[in-house]
Amino acid sequence: MSAYINKILEDLKKDHQPIFLQAATEVLLSLEPILKAEKKYQDHSVLERLILPEKSTIFRVVWLDDQNKARANLGYRVQFNSALGPYKGGLRFHPSVNLDILKFLGFEQIFKNSLTGLMIGGAKGGSNFDPKNKSEAEIMRFCQAFMVELSKIIGDTIDVPAGDIGVGGREIGYLFGAYKKLKGFYDGTLTGKGLKWGGSLVRTEATGYGCVYFANEMLKKANQGLEGKICAVSGSGNVAIYTIEKLHQLGAKAVTISDSSGFVYDKEGIDLALLKEIKELKRGRVGDYARAKKGAKFISTSEYKSGTNGVWSVPCDGAFPSATQNELGLEDIKLLYKNGCRFVAEGANMPSTLEAIEFMLSKKDFYFAPAKAANAGGVATSQLEMQQNASMTQWSFEKVDRKLQDIMRDIFTVSYESAKEFKNEGNLLVGANIAGFRKVADAMIEQGYI
């Protein structure tokens, strides 16, 4: 590690934000080759500026529950970097939301958005509000109260939020309706909208589909492919569901799903129709899948925490962590490797620990698709939604899907070629970080010290 990077990371430690520090460490260490080769980035203090959000807004959200009692939550929007275009990034409603997590997510979003080749900056936001066990009316009232404050800092050429954990089509609808009433604008200020009122086809599927498209490009480069591969997938939300759907379409077989209650192993392959019915229609748990599907096994969290490694204990050819940050640790990846796994494609944001990543990159027979490249399909399709809104049109499913495939292929190519340029051929983590950084950093330099 260079003294320059070490000094920046040491200063970051003083803020006591461990998740953001982890994300910054992963990125900054991988940038050493380009920082050594091109002195201009240090001369213009790009890193010192890049690790600081342009604006972080924290606000109170007061809403009424069904008993007419006032409830209060914290709301956030971290607008991290606008060098390439309007801020773009999701909103997360979950009890774990805090400034540390949103800074990590917003920082990652800068590079992810840059890699898409589309003109969007990086941001993230949300609240520690928990939609679980809330009535429809309570969720609506919370979204409306949240938008009262958020509407003051967003706009179609300023900041365009989308959904994330806890913010799906229902929540986006309530947020959009509140924004429209407050501002009187019917524009593309939120993405992930309903198909009847400005949404884009493929947006629901995009992150999962995109991750699989990227993984397939990675394997093709190694003269392999997904056909016939057995895959472990974590999570059971949108990313996991549509990762599984695309894996099946390309001839692979996904055999696991999970949530906070535990995981399911279905040796015959996950029944996609049943999974969608349970998760999308009934809002059930993965244990319900095992009870409905003969031969499927459910292992609770309490069982595997006492001795095994959960979803990553299942023998497979490849793994798709699609749930949350740091779900794939060093012991998990060692077990996966021992059981025959030879590639990981990250569908979630930063799902692997630094130690797990180091292990994967140390193995010459292992292929690693980092999150900021592999899961960029969601934000890419959000920007395609913005394009459709601007022209007041709606493209066909096939057209959007083709554009998504092209974008993911281009992300793989620029990541691979950037790694090769700086003598790290095959290291897609280094390549993706350098490619994403260079575009943003050059724009920052050209726009001056603002």
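Start with the face of H14 turned away from its buried side: Glu331 and Lys338 sit there, exposed. Exposed is over 50% relative accessible area, buried under 20%, partly exposed in between, with a 1.4 Å probe and protein chains only. This is a predicted model: local features need pLDDT of at least 70, side-chain atom pairs count only at pLDDT 80 or more, and totals for chains, interfaces and linings use all residues. Residues are numbered from 1 along each chain as its sequence is written, and side-chain values use heavy atoms, leaving out hydrogens and water.

Helices (H or I, at least four residues) and strands (E, at least two) are DSSP runs numbered from the N terminus. H14 spans residues 330-338, and its buried residues are Asp332, Ile333, Leu336 and Tyr337. Why are they on the same side of H14? They cover an arc of only 130° around the axis, taken from the directions from the helix axis to the C-beta atoms. Their cover includes strand E11 (318-320), strand E12 (343-345) and helix H15 (354-362), with contact meaning heavy atoms within 4.5 Å. After H14 comes Gly340, with a positive phi near 105°.

Now the cores. A nonpolar core is a set of buried Ala, Val, Leu, Ile, Met, Phe, Trp, Tyr and Cys residues joined through side-chain atoms within 4.5 Å. The largest has 55 residues; Phe214, Leu247, Tyr289 and Phe320 touch the most other members. Helix H9 (residues 206-221) gives the most to this core: nine residues. Another core, of 43 residues, lies apart from it and includes Leu35 and Met444.
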